[in-house]
Amino acid sequence: MDENSPSIAVAALFDRLVEESLPGQRGEKAWRTLLHAHATLMRRLDTDLREDTGLRLGDFDVLAQLAGAGGELRMTDLAARTLISRSGLTRRVARLVDEGLVRRANVAGDGRGVVVALTDAGIAALAETVPVHLRGVSKLFVERLDDQELAVLETALGKVIVDCTFG
């Protein structure tokens, strides 16, 4: 490939911008590795869960958040806990309502408040999916790290969790 080709120029520009923005490229490899690990783990966990139970990982997350809160949450609280955008959550909850896994109700005395609650079918779906999901988490994540690595990872990642209640 020619030294003056557009792809070499773009690569050089990118390298220069990275160096200027992240002197010494400190942390860049760790950042890329985190993104790659997250993307591949989420894709694999989603695929495995869907193949084994028919439930998507995002659906499981909604059901698990509701279960962890005792079976119901206001939509705003559910949005703060889940791993998807507010608009994505609205669509997901609507689909879960259609599938009979959750129900939606207005909050008494609050015209805009909405509560989302697990149904019996949602609880049954959780009973089926929790073991499948956690076997995947164990196999793909926990078993590959020793206790010290898990502790370091938990501490390190805990330092960079940001408040997303604004979005």
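**Close-up views of a predicted model**

**View 1. The largest pocket has a volume of about 1800 Å³.** Among the 40 residues lining the largest pocket, Leu34, His38, Leu41, Met42 and Leu157 are the closest to its centre. Two or more lining residues come from each of helix 2, helix 3 (57–68), helix 6 (120–140) and helix 7 (147–159). Helix 2 provides the largest share of the lining, 11 residues. By residue class, the lining divides into 24 nonpolar, 7 polar and 9 charged residues. A pocket is an open set of points on a 1 Å grid over the protein atoms alone, with protein on both sides within 12 Å along at least five of seven lines, and lining residues have an atom within 4 Å of a point. The volume is the space filled by probe spheres set on the points. Ala, Val, Leu, Ile, Met, Phe, Trp, Tyr, Cys and Pro count as nonpolar, Asp, Glu, Lys and Arg as charged, and the others, Gly among them, as polar. Helices are DSSP runs (H or I, at least four residues) numbered from the N terminus.

The model is predicted, with local features requiring pLDDT of at least 70 and side-chain atom pairs counted only at pLDDT 80 or more, whereas totals for chains, interfaces and linings use all residues. Residues are numbered from 1 along each chain as its sequence is written, and side-chain values use heavy atoms, with hydrogens and water left out.

**View 2. Trp31, Leu34, Leu35, Leu157 and Val160 make a nonpolar surface patch of about 470 Å².** Helix 2 (residues 28–53) gives the most to this patch, with 3 residues. Trp31, found in helix 2, counts as exposed at 52% relative accessibility. Such a patch consists of residues with over 30% relative accessible area and no salt bridge, its nonpolar side chains (Val, Leu, Ile, Met, Phe, Trp, Tyr) being joined within 5 Å. Accessible areas come from the Shrake-Rupley method with a 1.4 Å probe; buried means under 20% relative accessible area, exposed over 50%, and partly exposed in between.

View 3. Arg44 is partly exposed at 37% relative accessible area, as is Asp48 at 24%. Asp46 is buried at 11%, whereas Arg50 is partly exposed at 35%. A salt bridge is a side-chain nitrogen of Lys or Arg within 4 Å of a carboxyl oxygen of Asp or Glu, and the structure holds 8 of them.

**View 4. A salt bridge joins the side chains of Asp59 and Arg95 (3.1 Å, N to O).** Asp59 lies in helix 3 and Arg95 in helix 5, so the pair ties together parts that are 36 residues apart in sequence. Asp59 is buried, with a relative accessible area of 3%, while Arg95 is partly exposed at 34%. Salt bridges with shared partners join Asp59, Arg92, Arg95 and Glu99 into one network.

**View 5. Arg86 is located in helix 5 (residues 86–98).** Its relative accessible area of 37% makes Arg86 partly exposed. Arg86 and Met75 are 11 residues apart in sequence, with a C-alpha to C-alpha separation of 9.1 Å in space.

Terms used: Patch = residues over 30% accessible without salt bridge, like charges linked within 9 Å, V, L, I, M, F, W, Y side chains within 5 Å. Buried < 20%, exposed > 50% of the residue type's maximum accessible area, 1.4 Å probe, protein only. 1 Å grid on protein atoms, 1.4 Å probe; cavity = no way out; pocket = protein on both sides within 12 Å on 5 of 7 lines; lining within 4 Å.
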